Structures are given as C-alpha cells and as structure tokens.
Amino acid sequence: MNPGDEAGAARQTTQDDAARRLDERVASLTLEEKASLTSGADFWSTKEVARVGIPSIFLTDGPHGVRKQLAGGDHLGLADSVPATCFPPAVALGSTWDPELVERVGAALGEEAAAEGVAVLLGPGINIKRSPLCGRNFEYLSEDPLVSGVLGAALVRGLQSRGVGASLKHFAVNNQETDRLRVSADVDERPLREIYLRAFQRVVTEEQPWTVMCSYNRINGVYASEDRWLLTDVLRGEWGFTGVVVSDWGAVANRVPALEAGLDLEMPASGGRTDQAIVAAARDGSLAESVLDASVARLIALADRADAGADAEASYDVDAHHALAREVAGRGIVLLRNDGGILPLEGGAAAEGVAAEGVAVEGAGAIAVIGEFARTPRYQGAGSSQINPTRLDAALDEIRALAGHREVRFAPGYTVGGEGDAGDDGPARLLAEAVTTAAEAEVVVLFLGLPGEEESEGFDREHLELPAVQTDLLDAILQVNRRVVVVLSNGGVVRLSGWADRVAAIVEGWLLGQAGGGAIADVLFGVVNPSGRLAESIPLRLEDSTAFGAFPGEFGHVRYGEGLLVGYRGYDTKGAEVSFPFGHGLSYTRFGYGDATMEIGADGDLRVSVPVENTGAVAGREVVQVYVSVPESAVSRPVHELAGFRSVELAPGERQVVDIAVRLADIAYFHPLAGRWVVEGGEYLVEVGASSRDIRTTARIALAGDDPVLPLDADSTIGEWLAHPIGSVVLGQAMASVAGEGGEAGMFGDPAVARMMASMPLGRVAAFPGSPITDEAIAQLVAAAN
Ligand code: BGC
C-alpha cells in the first residue's frame, strides 16, 4: 500500500466510525424524539434532546446581514432585531462580479452570526431574476446562472469559513412573489436545468452548504417541499448534497410526503402537530422508519457541526465591517452613462483619489444635491431580509464631507415614505425650491428611486416606472441646468428610456446597505473608480422584457414560455434593443483588449487568455467577460451565453494577460432524453468583451464533445437512423439490398425525397402499400443497430 492509499484508507475508516456512531445515536432515540427533531421549537430554533446531548440550534435571516430578533419572531421583518451590519443586498453584490470580494462579505457575515450565537444564516438567495417585476429581485444576484452560482458559492465559502452554516435558497424556481406559496412554475427540463437549477448545482457541488432551503412554490405541479426528484434524486443523488434540507418558513403543506421527499427540517414550529403525524405514519407502517432515521442522522450531524462551530467568545469589529460595507457598496455601483466625462466631480478629497481623464475642470462652483433619497437613504428592501443597521450613512453628509471647498446646497424635491414633510403646499413648493437650487448650481446631483413600499418580499412590482413626481422634477430641472447627474436608488431595474439620454450621467446605486451613502460619494468624487457591471439587463420597456406576457401567470400556474431566452439570452438572440445591456458598466479609465487565445487544459476545460490594458490615466478595474456560442449547434441555444468572467485591477498603463477558465460544464447543455449534460462536438465561438454587446475579440475552437448516441427503435425517424453511427450503416445495407425491388426503396436515392422522409419514423414506412421494409426487417435492424 503506498502512502496515498494508506491516508485514503485511514480517512475512510474515520468516516465509517463517524457514520456508525451517528447510527447508534439515532438508534438510541425513541420514535417521538426522532420526530421531534424534524420541526422547529419556535420561530428560529430547533428542538434539543438533552437526554442524549443533541443541542438546539439557532437559524436566522440572512442574507446580507444578521437579523436576530429580540423577542418572539416573525419572518416578515416586522419585529425588531439586534443591530448588525447591513451589507449591500444581493443586487449590489451581484454587480461586483467579484467572488473574492463577496467571499469577504460572507466571512464578515459569519463573524457577526457567530457573535450572536447563530448557527445557520438563511442565505444566500440565488434565484434567477426572470422578470424585472419580481418583488424580491433586490435579494437575488443576477439573471444569469454563472454569475449567481460563482458569487453564491463565494458567499457560502466565506460564511462557512467562520463556522456558520449557509442556507442556500430558495430551492427552486422561486422567481416571483405573486401566489408564491402555491403557484406552479411550469418549466421545461432544459431551462429548468440550464437556467434555474444551474447555480444551485454549482454552489452545492463546490461548497456543500450546511443547509438548502426548499421554496414555497410548486414546480411542474409538485410542491418543492414534496418533490422527491428535486430534493433527493437531483440534490443528493446527482449533486452529492450531504446537508440538511430545511423548509422555507411555512412551506410544508403535507408533512409526511415532504419527509419522504427528503425535507428534513420543517420551520418554524408546528406546535407538535406534524411531529405527531410522522409518529402515527411510522406506527401504522405508511412511513418507513428508515426514512425518518436518515433525516434524523442529518439533523444530528448539523447540530454537532453547529456545536463545534460555536464560539462563546466570538465578537466582531463594528467599524471594520462598516468600512467593508462601504468598500463593497462602492464596487457594486454601476456607472451607466457619463457623457462628456462629467464625472468624477472635482472635490476636496478627489485629489487623493482618481481624477477624471480628459475632463475639463470647470470652475468648481456649487453642487446642488436634490432628492430626499440623498438625505433619507433607501438602502435595503422590505421583508425577511430587513436588517437593523449598526449605523447609517446618508449620501448628502458624505458628499459634503468629500466636496472640500465646494459649496453643497440641498433641496429634497419630493417626499418618500413620510420622510421630509412637504407641508400644505406640498409637491409644488418642493419642486419649485429644487428647481431654484438647481438653476444656481454648476452641477446637479439628482437622487431618484423607487419608494420602499414598491419593493418587498411578498408581492411583485406592477410596473418599472419611477414615481411621476420624480420624473416631473427631472424634466423641470433639465429646463434650467443640463449638467445633471442622476443617482438611482432601486432594488429592481427601473425604466430609463425616455430620459436617460437627456442627462449627463447615471449612477445606478441600487440598494447599497448601511454604508451606501459614503460609497456614492466615493464614486461621485472619484475616490472609487466605478467597476460595477450590470448583472441584469435594463430593458427599454417592460413590454420588451423576456418573461413579459408569461409573468406572473394565473390560476395557479406560471408558464416559463420563454424557455432558455431569459434576460440577455433573449434580448441578444432576438437582437432587441435595450437601455443598457447585461455586463455593461463604465469606468473613469479605458481598457484596451488584445487578441484572445485559447487552450484546452489538462482537465479538459478551456483556458481563455486575453491581454487587457488600462489605456487611461487612472487606476481601474475591468470585468472581462467570456461569452460562448455554438454556431452549428444541433439543439436550440441562445445566441451566446456567459461562460466565464474575471475582475482585474489595473494601474494606469498596466497591461495584463487575463486568464479565464471556462469549464466544460458551463458550456454543456442538458439532454432531456439522455438525462445528462452534453458537451456538443463541433466548433465553438468564444467572444471576449466588456458586456454582452461590447465584444472586443473572438476566437474559435473545435471540441470533440461527448454527444450521446441514443438507442434506435421503430419510432426513431429515418433522419435519426441516418445520423446514428451503426444505424446508418445497417439501414443503408438494408435499403441497398431491396433497391432493386422498387416500391419505396428508391426514395433514398433522391436527396429531396430523402430529406422529406427524414422526419418519418421508420416503423411507419413498413405500413405503406408495397413497402419493401417489413416489421420483421425493422425488428432485425433495431437489434443490429443497438
Ligand atoms: C422567506 C425566506 C426567509 C424566511 C425566514 C420566508 O418568508 O421566503 O427567505 O429566510 O421567511 O424569515
């Protein structure tokens, strides 16, 4: 035995011992004790079995902060929670396209969770942004499964590195809030696998989250909580998940079938009702006790893990986490437009940061900051993810701090959520005052955004419009000052068409967490050179969005009729115009791309290399994106799909060859008949660029692929027979042998006829009058071909 084998054998023995000990502990429990472990003790904790030393553990939201409620509990963010750092919500994390940064956020979340005695933090949420109307898009990362998967994995990695478990949610196909507890998401297998499950697959296989949270909704008619195919066959069987499946809060409709499907832990408490149902089913034999035992073993393992991770001394540095929240928020901001290089603004601190390239420095007159959102930040969404922040920075104060000698004048312009009293004369007075302020300033920084009540867990948005009072304000300001920089505060995209090309700059500020105000000021003054990129397309109009007409469904069903054409996959395939494409984001510097080259690595994956140069005068970050397409694909595919990306920091003048790994798994498609992922053989076009519509260099490569050879039968078409390596030979021989006999046999000789016949199942030919191919002959061909 060589040393490697010895180590492997020792590891196996240790694992066997641990499994045996776990089995013994399960066996030492009564049926009632086992059932008791499968549901919560209250809103946030599990039950203990003190007699055998199984501790209770504490789970709480998630995902961008620790929402540990002080007393009692609710899952809608209503009751107060202990102060915690409100990091940028997923919408901003997604825009960073930077797994290293997101991993640091995960680690910080882990530290705060540990300090609060939280064993499992309920996040990240990695559902795909299918429609811009989803009320919870602010809690999700992207419309693309690669971005969602890579960043979701990074967050889990960081969190779990601190001995705190993640709960990957909401598994699966939870892409809307409308009727979320019942609606059936009806989706075909290819989009299901290639779009909606793909990010989950990546995070589970790479990071083994301690728990996966099953969603409320049904998938093709079956509740996720009762979907054995989803929770057991795919999650555990195919992906090798070893952790605990926990229900979303209140997602269990039928406890015993859910347990049988693979749902281990029902949350929150059910008052013992469902535990009794499990006991009764085990007693009357309708539930195999081994199913319960398997869940209980996983639950004990989770409790042990939590216990091992717990640290009574754990604490965290509130200031350091606030600083991290600011850094990350700055990286999540997307500069959508910067006409004439109006940004960055000249200010006191800007001199120490980056300065705009080629910007004519104006007389540095007054800055008019307009909009209540500058003073009253909108920094997170409503619902279960709502954090009680340790502090909160307003952009107005931070702009003043960085403006140095420049005068900053403020006018609220409009009210939000009762903030900023408009008085009796209301909107008209606020508008007039704002216009006067804007007219006298050298530059206007105008904060616009969505009112908090429009974006929340629990319901979807109805439109993409900014409030009319805000767009009226914008119009009025543009009458008196053309130098307008719009800063947006919104969790989901808003319609920009109609005004985007009339303003000088647009800073997409999303919801940025508690330190977002400082981050906005950093970007405005160039202390931070923006590097955020859109992780979701901004359509021209709602009507253009790819799920339009098929969202949010009705009568209990939502049909995912757009198939694979979600987000940019749809816009780019159809050549539809958008306001800003997926992957877009400007910088205060420029990046030049050299020619991309490619090689196949030892592991079979592709390695794309491309020289990228910072050709501007200030340091900056580029997010290099790799899109792949299969021009001659045998299956329907979007015109291209993101297959790799990397965020790189470059000093002015610096040139770096950026290597990006493209896993074959990320360019494979799911073959529903073969029941597996397939890398097509043939030529691949690889596009490298700065957005899905800004491709700078391309390369081609041929791959051998692993196309499946499906068995033939009488129902297989003549076309399928002719495409089959053995089928084509045996059929050809058979046809040649009967060719002289006339009848239908001559048909293959004529290419036009052969093409027409290609879609005909071979068995049907036998039924034709005078057919030389008999049923017996077909049976022989089938036997010979397979
Ligand atoms: C949400 C979950 C959340 C849970 C607990 C549910 O309503 O869908 O995301 O983790 O409540 O608050």
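Predicted model: local features only at pLDDT ≥ 70, side-chain atom pairs only at ≥ 80, totals over all residues.
The ligand is surrounded by 15 residues, and the closest are Asp 61, Arg 136, His 170, Asp 248 and Glu 457. For Asp 248, a polar side-chain atom is found 2.7 Å from a ligand oxygen. An N or O atom in the side chain of Tyr 216 lies 3.0 Å from an oxygen atom of the ligand, and for the side chain of Arg 180 the corresponding distance is 3.1 Å. Taken alone, the ligand exposes 310 Å², of which the protein buries 100%.

Phe 87 belongs to the loop between strand E1 (59–60) and helix H3 (90–96). Although placed in a loop, Phe 87 is buried, and its relative accessible area is 0%. Beyond its neighbours within four places in sequence, Phe 87 contacts His 64, Val 105, Ala 108, Leu 109, Glu 112, His 321, Leu 324, Ala 325 and Gly 513. The C-alpha atoms of Phe 87 and Gly 516 are 8.9 Å apart in space, while 429 residues separate the two in sequence.

Helix H10 spans residues 273–283, and its buried residues are Thr 274, Asp 275, Ile 278, Val 279, Ala 281 and Ala 282. Viewed down the axis of H10, these buried residues fall within an arc of 165°, so they line one face of the helix. Their cover includes helix H2 (31–36), helix H9 (255–261) and helix H11 (289–309). The face turned away from this buried side carries Arg 273, Gln 276 and Arg 283, which are exposed. After H10 comes Gly 285, with a positive phi near 85°.

In H23, which covers residues 775–785, Ile 778, Leu 781, Val 782 and Ala 785 are buried. Down the axis of H23, the buried residues lie within an arc of 100° and therefore line one face of the helix. An α-helix has 3.6 residues a turn, so residues three or four places apart point the same way.

Technical notes:
Residues numbered from 1 in each chain as written. Heavy atoms only, no water. Buried < 20%, exposed > 50% of the residue type's maximum accessible area, 1.4 Å probe, protein only. Helix = DSSP H or I, 4+ residues; strand = E, 2+ residues; numbered from the N terminus. Arc of directions from axis to C-beta. Near = heavy atom within 4 Å. Polar contact = N/O pair within 3.5 Å; in protein donor to acceptor, adjacent residues only side chain to side chain. Areas by Shrake-Rupley, 256 points an atom, 1.4 Å probe, with all protein chains shown as cover. Contact = heavy atoms within 4.5 Å.
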